[in-house]
Amino acid sequence: MTKIIGLTGGIGSGKTTVANYFSELGLPVYIADDEAKKIMQTSDIKESIRNTFGTIVFDGNTLNREKLAEIVFNDPEKLAQLNAIVHPAVRIHFEKWILNHDKSPLVIYEAAILFESGNYKKCDFIITVIAPLETRIQRVIERDGTSREQVLMRINRQWNDDERIAKSDFVIENINFENTKLEIVKILKILKIKQNEC
């Protein structure tokens, strides 16, 4: 039976970098945010977004994700509306994806809002990636070319590290990636032992 390993962490923690290393080690990895972006380009989802947010978030028939992000990250109610459209579609997509990986003992499900969305309940084990606040802010500014204020706003919309850690089986502190890789290998060994015990 395939075990689902939930992988999460706040923005700028480096969870996608961790997910990519799990992939290098041979595990199938599902990046929920990447899949959500693709799903948001499908006609059904675009129609739902248009009905909810209007034509202001479209350039012709093309969804303008920057305009949409500007709206939802400044309004928790609007963010909840968007999540209600996108999350069920991502969940269905993941259920199909996992059927194609049912021979794998372990798969990684990486999601920024694993807890907020309730998807953590489908995971057998959960790994949270953490990093110091200033490190996270700097990473996001360099990656997205955004402002400190915008990064802090997004951080404050997510669960904090203490909340995530309380519901996690493993915690990876991702400051120096060479050390992080050692932690990933150690956790993978434990997970394989646990899988064999089932």
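Which side chain does a polar contact of 2.8 Å join to that of Asn-174?

## Basis of the report

This is a predicted model, in which local features need pLDDT of at least 70 and side-chain atom pairs count only at pLDDT 80 or more, while totals for chains, interfaces and linings use all residues. Residues are numbered from 1 along each chain as its sequence is written, and side-chain values use heavy atoms, with hydrogens and water left out.

## Asn-174 and its surroundings

The side chain joined to that of Asn-174 is that of Thr-180, through a polar contact of 2.8 Å. A polar contact is a pair of N or O atoms within 3.5 Å; within protein, one must be able to donate a hydrogen and the other to accept it, and residues adjacent in sequence count only if both atoms are side-chain atoms.

Asn-174 lies in the loop between strand S7 (170-173) and helix H9 (177-197). Helices (H or I, at least four residues) and strands (E, at least two) are DSSP runs, numbered from the N terminus. Because its relative accessibility is 4%, Asn-174 counts as buried; buried means under 20% relative accessible area, exposed over 50% and partly exposed in between, with a 1.4 Å probe and protein chains only. Not counting residues up to four places away in sequence, Asn-174 touches Ser-13, Gly-14, Val-129, Ile-130, Ala-131, Arg-139 and Thr-180, contact meaning heavy atoms within 4.5 Å.

## Nonpolar cores

The largest nonpolar core has 31 residues, and those with the most contacts inside it are Met-40, Ile-49, Phe-53, Leu-68, Leu-82, Val-90 and Tyr-109. Such a core is a set of buried Ala, Val, Leu, Ile, Met, Phe, Trp, Tyr and Cys residues joined through side-chain atoms within 4.5 Å. At least two residues of this core come from each of helix H2 (32-39), helix H3 (43-53), H4, H5 and strand S5 (106-110). H5 supplies the largest share, nine residues. Apart from this core lies another, of 20 residues, which includes Ile-5, Ile-31, Leu-106 and Phe-170.

Leaving aside neighbours within four places in sequence, Leu-68 is in contact with Met-40, Ile-49, Phe-53, Val-57, Leu-63 and Leu-82.

## Helix H2 and Val-90

Lys-37 belongs to helix H2 and is partly exposed, with a relative accessible area of 38%. Lys-37 and Val-90 are 53 residues apart in sequence, and their C-alpha atoms are 9.7 Å apart in space.
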